[in-house]
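This briefing is meant to be read with the sequence and the 3D view side by side. It takes up domains, cores, helices and aromatic contacts in turn.

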Amino acid sequence: MTILFNDQLTERNDVTIDIEDRGYQFGDGIYEVIRVYNGKAFYLEEHIKRLVRSANELRIALPYHEDRLTSLLEELVTRNQLIEGNIYLQVSRGVAPRSHPFPEHSKAVIIGYTFDAPRPLSLLEKGVATILTEDIRWLRCDIKSLNLLGAVLAKQEAVEASCQEAILHRNGTVTEGSSTNVAIIKEGILYTHPANNLILHGITRNVILELARELGIPVREEAPTKEELFVADEVFITSTTMEIAPVISIDGKTIGSGTPGPLTRQLQEAFEAKIPS
């Protein structure tokens, strides 16, 4: 398999990662996951812009311009003949003797690879079961960093409850999912947490908000409470890999009718129309 290593496309077996890479030792880095439909990277420009923003927030200097990175990722998809799947892209601060402060002379290390992944059509059609759990993550969730232990623990809690996702809350205010954004529908209005430091500014989230406005669905970027979550008419989660997945239960309690709601279905159809053929 061909992978991206720094500024070259090379074979996976030819690449080694240094034991003093700060991504490995400190989680000192950032990443993106980009969906590929029919051989085309979906909203690639937006993902690259978010990567650049994350890098700037952490003061990681990318070693080359974003236009070159875009071209390399497109070539990576072509070489691996990826039709339907994902690109994983990671940037660490680089290699240096282990010490907490930023090293003076390290150079960012870039890794990118692709993998096949079918669309979650069954979950999109039938909906997902979720749990509600406390949001224990750090306070800069807007940075797509490698520090994911809080999300990992929440996702594992969901798995052990035979659910597909964990919905997170801070002091009773719903933030997002362990790897998704969350929205509710109440009396025809879409509510979701504002894009501040407490959630990831999801690419799919932004697409859905644009689609909602185009469909005439009022949008309010106001965080729902735990109580509002359980009495919502509809709840759905969004992400690059989950698209728009209806939530049919939380902690075993049925949401709405227990089936995907009509406005969620409208948004799914509008999103489907954006997928490149």
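Helices (H or I, at least four residues) and strands (E, at least two) are DSSP runs, numbered from the N terminus. Just after helix H6, for instance, glycine 216 takes a positive phi of about 80 degrees. The model is predicted, and local features need pLDDT of at least 70, side-chain atom pairs count only at pLDDT 80 or more, while totals for chains, interfaces and linings use all residues. Residues are numbered from 1 along each chain as its sequence is written, and side-chain values use heavy atoms, with hydrogens and water left out.

**Domains**

- The domain assignment divides the chain into domain 1 (2-116) and domain 2 (121-274), with bounds that come from an automatic or database domain assignment.
- The centres of domain 1 and domain 2, taken over C-alpha atoms, are separated by 27 Å.
- To the contact between them (contact means heavy atoms within 4.5 Å), domain 1 gives 24 residues and domain 2 gives 18 residues.

**Nonpolar cores**

- A nonpolar core is a set of buried Ala, Val, Leu, Ile, Met, Phe, Trp, Tyr and Cys residues joined through side-chain atoms within 4.5 Å; buried means under 20% relative accessible area, exposed over 50%, and partly exposed in between, with a 1.4 Å probe and protein chains only.
- The largest nonpolar core has 25 residues, and those with the most contacts inside it are Leu4, Ile30, Ile48, Leu69, Leu73, Leu89 and Val91.
- Two or more residues of this core are given by each of strand S3 (29-37), helix H2 (44-58), helix H3 (66-79) and strand S5 (85-92), and the largest share, 6 residues, comes from H2.
- A second, separate core of 19 residues includes Leu190, Ile208, Leu209 and Ile217.
- Leaving aside its neighbours within four places in sequence, leucine 89 has contacts that include Leu4, Ile30, Ile48, Leu51, Leu69 and Leu73, and also Ile110, Ile111 and Gly112.

- H2 has 15 residues and reaches 21 Å from its first C-alpha to its last, close to the 21 Å expected at 1.5 Å a residue, where the expected span is 1.5 Å times one less than the number of residues.
- In H2 the buried residues are Leu44, His47, Ile48, Arg50, Leu51, Val52, Ser54, Ala55 and Leu58, and these pack against S3, S4, H3, S5 and H6.
- H6 (residues 203-214) has 12 residues and reaches 17 Å from its first C-alpha to its last, close to the 16 Å expected at 1.5 Å a residue.
- The buried residues in H6 include Ile203, Val207, Ile208, Leu209 and Leu211, along with Thr204 and Arg205.

**Aromatic pairs and charges over rings**

- A search of the whole structure finds 6 aromatic pairs; rings of Phe, Tyr and Trp (its six-membered ring) pair if their centres lie within 6.5 Å, and planes under 30 degrees apart count as stacked, over 60 as edge-to-face and the rest as tilted.
- Phenylalanine 42 and phenylalanine 271 have ring centres 5.6 Å apart and planes at 80 degrees, so the pair is edge-to-face.
- This pair links distant parts of the chain, 229 residues apart, with phenylalanine 42 in the loop between strand S4 (40-41) and H2 and phenylalanine 271 in helix H8 (residues 262-274), and both phenylalanine 42 and phenylalanine 271 are buried.
- The rings of tyrosine 113 and phenylalanine 115 have centres 6.2 Å apart and planes at 40 degrees, so this pair is tilted.
- Tyrosine 113 is partly exposed at a relative accessible area of 31%, and phenylalanine 115 is partly exposed at 34%.
- Tyr31, Tyr88, Tyr113 and Phe115 form one aromatic cluster.
- The charged end of arginine 68 sits over the ring of tyrosine 64, 5.8 Å from its centre, where a charge sits over a ring if NZ of Lys or CZ of Arg is within 6 Å of the ring centre and within 35 degrees of the ring normal.
- Lysine 253 lies over the face of phenylalanine 230, at 5.0 Å from the ring centre.

**Two residues of helix H8**

- Threonine 264 lies in helix H8 and is buried, with a relative accessible area of 0%.
- Leaving aside neighbours within four places in sequence, threonine 264 is in contact with Glu234, Phe236, Ile244 and Pro246.
- Arginine 265 is also found in helix H8, and counts as partly exposed at 21% relative accessibility.
- With neighbours within four places in sequence left aside, arginine 265 is in contact with Leu124, Glu125, Pro246 and Pro260.
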